[in-house]
Amino acid sequence: MTSSMAPVPLLRPDDGAERKLEKLQRIVDVLMKRVEAGGDESFDSYAYFQTAVEFEEQVKARTQDLEVALAQLNQSKAHLADAKVEAEKARADLAGALEAVKEGFALFDAAGRLILSNQRFARMFPDVVSDIAPGLSLDSYFEKVSNSSALVLEQDVTPWIWRRDRATKLNQKHADFVVEIQGDRWVQISQQRTPNDGTAILQTEVTDMVRQARQERDKLLDDQAKIVRATLDHINQGVCIFDEEDRLAGWNTRFLDLMSPPIELMRAGTSFERFVSHFSDTQGFAMHKAPKLLVQWVQKRRTRDPLKVELHRADGLILDVFSDMTPDNGFVISFTDVTDERATTAALHEMNETLELRVQERTTEMQKARDAAERANTSKSRFLAAASHDLLQPLNAAKLFISSLEEAELNQKQSQIAGRVKSAFDSVETILGALLDISKLDAGTQANISVFALSRLLVPLRDEFQALARAKGVQFHVVDCGLDVESDPAFLRRIIQNLAANAVSYTDRGKVLVGVRRRGSDALIEVIDTGQGIPDDQRDRVFHEFHRIKRPDETAPGMGLGLAIVRRACDLLGHDLTLQSVEEVGTRFTVRVPFHVAKGSVEPVAPMDPSVDPIDLTDMIPLVIENEAAVRLGMMTLLDSWGASPIEAENLEQADGIIQEIGVVPDVILADYHLENGYTGMHAIRTLRAAYGPIPAALITANRSEHLVIKTAEEDVKLFYKPLQPKMLREYLARLKAPSG
């Protein structure tokens, strides 16, 4: 019965060609034997024949495959043989190339084993050359070289340290270093890591280069020594150099000139003690302390700080001696001849003493002359005071007669003459009054200092000069204040009067302003005008007697005594006087006077809130609009005490007028709600803001209506309720004064 299963292949795919051929041959032999035997009837001859044919075909196919494989194998063997020839040739070429290299070369693999090297490698180490062979490890190579008798190690470097340093350099991609070998020879070692983590070592002898560099260095040192020697020989100081054993190592020619030592002493190696002994015996230094200090300094050895002493020789020579250590623990001593310098100093000292004596004599003479001049000046001042007083008496009588004459019936011409005479006498009276003031100041009149309200001087000033200014078409404004000042009221009144009179005289258009600012503990009384100004070259001269600035029309008002009186009075009172002026723009005179806060019924100032910085309100200008005089005075006094410079007004019209007159926009408006004639502070604030810009403003009222709260908030107006809390007001002003962050 024939099986339907597929036959199992007799030839395995993984069998080689020879194995397959062997199996096929055995199968054929078996089949042929069975065919030839033919005795078994059950044997199917045809089947055997068919199988034999199939096997024969397979044998032929396998034989062809085997022949192809054998051909390929033979071809591969031929290529391999060619490759071996090429490799051997390349290896021979590489070996030849390495041998042609003048440097020693070796290549180690990643495991640190020697692959190849040339004959020059390690040739400088004769006791190591025989061990250089493929397979030698780097560690073994380093050990053999480190113990080689040819290697010269540096001081304190052992073979183990040398091997460790070489192994450490293997971690670097590239490392170069130079080693010394016996016979004053030098080799540069270059270690290079290869891409496959191997190590290539190149050894180059650099003996010639090292020797040449040494020669150049020695030559350079010789040249430097020559330069140092030339420098030492050309300096003005004598120099001696000693080594760390206190032996002479060098000197210059200036030392020989100064000290004149014997030739046998000036030899390298002479001890410092011999120098001291020789010069102490032969030159007899007058000051023995200095040489001892120098010897003690040398004996300190390594703990020596720089020393400077002065030596006096018996022959009169004076030497400045300076000693200091050198880097090699030796020391250097320099000698400088200062004989002439000391003589010059002594001569100058003697001259100074003589000059001082002459100066004292001259000073005494000048003091006597000054005392005489002061006595003469005092006599002159007393005479002027007496003469001025005596002249005022008949002058007063003459004015009475002229007044009587004016009441008589006179014709037009006589009236004109009488008017002119009266004007002339008025001028004489003014001049005599000024001379009387100057004579009092020059005569040493004592000031009567007291504390008084400054308004006593300012209020009358407005009435005194407004009419005169108005006649010239000039606005005259006085800003009153509530400060009490410490001064002499008579002299201070005269100062302000003269400054105001001077301002009105030299102002033809614009305005004159008299006001007060607080600056620290002082009140600054300022007189400002828009007149012709004072030229720079006359700033100091305007305070001299009878000096006047010419006007464009060639006239100069007054006699030039007003500012002279101002200067003398300020000096007498100790008040600083400053002048600022710009031609064709105007002038500002400022008098600094100590002030005291005026006492009144104003509520005491509450302390500042700790959260608010205590900012000084100096130079702040609040505008107070209040129709009640007592309340207005209290507000002005309070603001003055805080350092501000307030201005006041009863209503909107006065407020607008004062701003126009002084030409300064206030820093803040403090307005009462209820003003005169039905107007309110809100109306005043709106009007002033429309005219002068968004001025900060606060409304002070007893009205607590919700409508007013909303209205002030809408118009950015601070609201304060009566009775006013000074602490809250000061906090508000301080925030306005504080710089914005």
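Predicted model: local features only at pLDDT ≥ 70, side-chain atom pairs only at ≥ 80, totals over all residues.
Residues are numbered from 1 along each chain as its sequence is written. Local features need pLDDT of at least 70, side-chain atom pairs count only at pLDDT 80 or more, totals for chains, interfaces and linings use all residues, and side-chain values use heavy atoms, with hydrogens and water left out.

**Aromatic rings**

Rings of Phe, Tyr and Trp (its six-membered ring) pair if their centres lie within 6.5 Å; planes under 30 degrees apart are stacked, over 60 edge-to-face, and the rest tilted. That rule gives ten aromatic pairs. Here are two of them:

| Pair | Centre to centre | Angle between planes | Kind |
|---|---|---|---|
| Phe242 and Phe272 | 5.5 Å | 90 degrees | edge-to-face |
| Phe255 and Phe335 | 5.5 Å | 50 degrees | tilted |

Phe242 sits in strand S7 (residues 238-242) and Phe272 in helix H8 (residues 272-283), so their pair ties together parts 30 residues apart in sequence. Helices (H or I, at least four residues) and strands (E, at least two) are DSSP runs, numbered from the N terminus. Phe242 is buried at 2% relative accessibility, and Phe272 is buried at 6%. Buried means under 20% relative accessible area, exposed over 50%, partly exposed in between (1.4 Å probe, protein chains only). Phe255 and Phe335 are both buried too.

**The sheet**

Five strands make an open, parallel sheet in the order S20-S19-S21-S22-S23. Strands pair if DSSP finds at least two bridges between them. At the edges, strand S20 (647-649) and strand S23 (718-721) each pair on one side only.
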